[in-house]
Amino acid sequence: PGIKQRECFMSMTSRERVHAALDHQEPDRIPLDLGATAVTGMQVSSVYLLRQALGLDTPGTPVKVVEPYQMLGEIAPDLQEALGVDVVGIGGPRNMFGFRNEDWKEWRLFDGTPVLVPGAFNTTPEPNGDILMYPEGDMSLQPCGRMPKGGFYFDTIIRQDPIDDDKLNVEDNLQEFTPISDEDLDWYRAEVTRLSGTDKAVLGSFGGTAFGDIALVPGQWLRHPRGIRDVTEWYMSTLSRRDYVYEVFSRQCDIALANLEKIHAVVGGLVTAIFTTGTDFGTQHGPFISRDAYRDLYMPFHRRVNDWMHKNTPWKSFIHSCGSIRPLIEDFIEAGFDILNPVQCSACNMDPQQLKDQYGAALTFWGGGVDTQHTLPFGTPEEVATQVRDRLGIFGHGGGFVFNTVHNVQAGIPVDNLRALYDTVIAARPL
C-alpha cells in the first residue's frame, strides 16, 4: 500500500476531519499536518529528496525556502495532494529575517541541494566558510544570523547593547510589538481569499502572543534591537528583573489582543486554530522552570489571550513547547490551551500512552507521530513504520490527534525513512 491509495477514502473534507479531531471525535482518518507552521514543517533538503522520491520533480529542480531561519522547504500543493495533507498555514508577510518571500533566486546549500531563496536573502561568506545573514537583507547592518560551514540552518547572532539597569526601558523590548498595519491586514485578507477555495483546515501564525519565546527575543529581523536581547541575560532576567519582564509581557498582551481583534475581523471563521505560543519550557529531562514560575510569569498572559480567543472566535489555541513538560501540562490546560505540540515523546516522562490516558480528554495532540531525534534519522524503515503505527493507534483513539512528527523533519533523513513515514500514515487510512 502507498501514496496512490489516497483517493479511495475521501468521506470527509480536510477541514471537517481536523475539526472532528479537535472536538475529540474520531474522523474518517487521522488528519495530517506538514508545513502549516514553522514547527511542523520539513528542512528543504528533505523536501527535495521526498519530492524526487515521489516523482514530483526531475533531478535538479529547486525547492523554495519559505522559512530561511530554519531553512524550511515549501510544502507545495502537489506535495500536499500526494501525501493527503489536511492543514495549511497563514503567516505574516515577512519571514524571521524581516524580508518577504518574493523575487526568488537560485542558491545551493552546502550539501549541494538546489533551492530558491527570496531576493533579499543576501549573505556574505566568512574566511572560515561560515555564511552570514542580515536583517531585512540589508548588508549595511550588523549580521543577525550565521550558518556554520557545512550546516543546514542559521544560528542567531546576538546583538546586545550594554545594559544599564538605571536606563533600561520597557519600550525597548516592545519595539517589535506594534499595532498591526493596514498593509498587513490586507496581506491576511489576501491569504484568506487564496485559501478559501480549498477544503483545508487553516492554522494561523499571527505573532505577538508568544511571551518570552527565546527564538524571538534576539529580534533577528530588527535592524537594531534594543533592550534585553542576549539569550542568557533574558533567562536570568525572568528572575533578576522579574517586574521588568512582567511589564513587557503585560504591554505586549494589550497590543496582541488589539491586533487579534482586527485580524479576526479579516479572517473570521476560516481559521481553525492559531499558533499562540512557541515558548519552550522543557529540557530533555524535565521543565527548566517551576510550576510556580510558570503560573506567576507566563500563565496570566496565556489565560488572557486564550480567554479572549474562546469568547470572541471559534479558533482553537495551539501551544508549542519542546522537551519534558509533563509537570506543566495541567497548567497549560488551565490556561486555556486546546492543542499541544510537538509532543516530544523521547523526553523523560513523556510516554505517549500515559499522555493520552491522562490528558487526551482535554488536549489535542498535534505531533508525536515519530521521534525525530533517533528513530526517523537513525532507525530502519521498518522501525520508522512500527513507531508511526504505534503512535497512530495510541494518540488517534477517540480523536484528539493531528499527525505530525516531533517538531520539524530535519536534514539528513534517509529517503527510505521518509517514504516509510508517509506510506505508513497513508496505509493506516481506511479504504
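Predicted model: local features only at pLDDT ≥ 70, side-chain atom pairs only at ≥ 80, totals over all residues.
Just after helix 11, Gly-398 takes a positive phi of about 80 degrees.

**Helix 11**

- Helix 11 covers residues 381–396, which makes 16 residues.
- From its first C-alpha to its last, helix 11 reaches 22 Å, close to the 22 Å expected at 1.5 Å a residue.
- Which residues of helix 11 are buried? They are Val-384, Ala-385, Gln-387, Val-388, Arg-391, Leu-392, Ile-394, Phe-395 and Gly-396.

- Seven strands form an open sheet with parallel pairing, and their order is 3-10-11-12-13-14-15.
- At the edges sit strand 3 (87–90) and strand 15 (401–402), each of which pairs on one side only.
- Within this sheet, strand 11 (residues 271–277) and strand 12 (residues 316–320) run parallel and are joined by four bridges.

- Another open sheet has four strands in the order 6-7-8-9, with antiparallel pairing.
- Its edge strands are strand 6 (123–125) and strand 9 (155–156), and each pairs on one side only.
- Between them in the order, strand 7 (residues 131–133) pairs with strand 8 (residues 145–147) in the antiparallel sense, over three bridges.
- Here Leu-132 stands opposite Arg-146 in strand 8.

**Aromatic rings**

- How many aromatic pairs are there? The count comes to 25.
- One of them is the edge-to-face pair of Tyr-69 and Phe-97, with 5.8 Å from centre to centre and 85 degrees between the planes.
- This pair links distant parts of the chain, 28 residues apart: Tyr-69 is in the loop between strand 1 (63–67) and strand 2, while Phe-97 is in the loop between strand 3 and strand 4 (105–108).
- Tyr-69 and Phe-97 are both buried.
- Phe-281 and Phe-332 make a tilted pair, 6.1 Å centre to centre with 45 degrees between the planes.
- They too link distant parts of the chain, at 51 residues apart: Phe-281 lies in the loop between strand 11 and helix 7 (291–312), and Phe-332 lies in helix 8 (residues 326–334).
- Are Phe-281 and Phe-332 buried or exposed? Both are buried.
- Phe-281 and Phe-332 also belong to a cluster linked by ring pairs, whose other members are Phe-211, Trp-234, Tyr-246, Phe-249, Tyr-294, Tyr-298, Phe-301 and Phe-337.

- The structure holds zero disulfides.
- Cys-144 has a relative accessibility of 1%, so this cysteine counts as buried, the cut-off being under 20%.
- Cys-253 is buried as well, because its relative accessible area is 0%.

**Ala-76**

- Where does Ala-76 lie? Ala-76 is in the loop between strand 2 (72–73) and helix 3 (77–83).
- With a relative accessible area of 12%, Ala-76 is buried.
- Ala-76 and Arg-194 are 118 residues apart in sequence, and in space they are 14 Å apart, C-alpha to C-alpha.

Terms used:
Residues numbered from 1 in each chain as written. Heavy atoms only, no water. Disulfide = S-S within 2.5 Å. Buried < 20%, exposed > 50% of the residue type's maximum accessible area, 1.4 Å probe, protein only. Helix = DSSP H or I, 4+ residues; strand = E, 2+ residues; numbered from the N terminus. Pairing = 2+ DSSP bridges. Phe/Tyr/Trp six-rings, centres within 6.5 Å; stacked < 30°, edge-to-face > 60°. Expected span 1.5 Å × (residues − 1).
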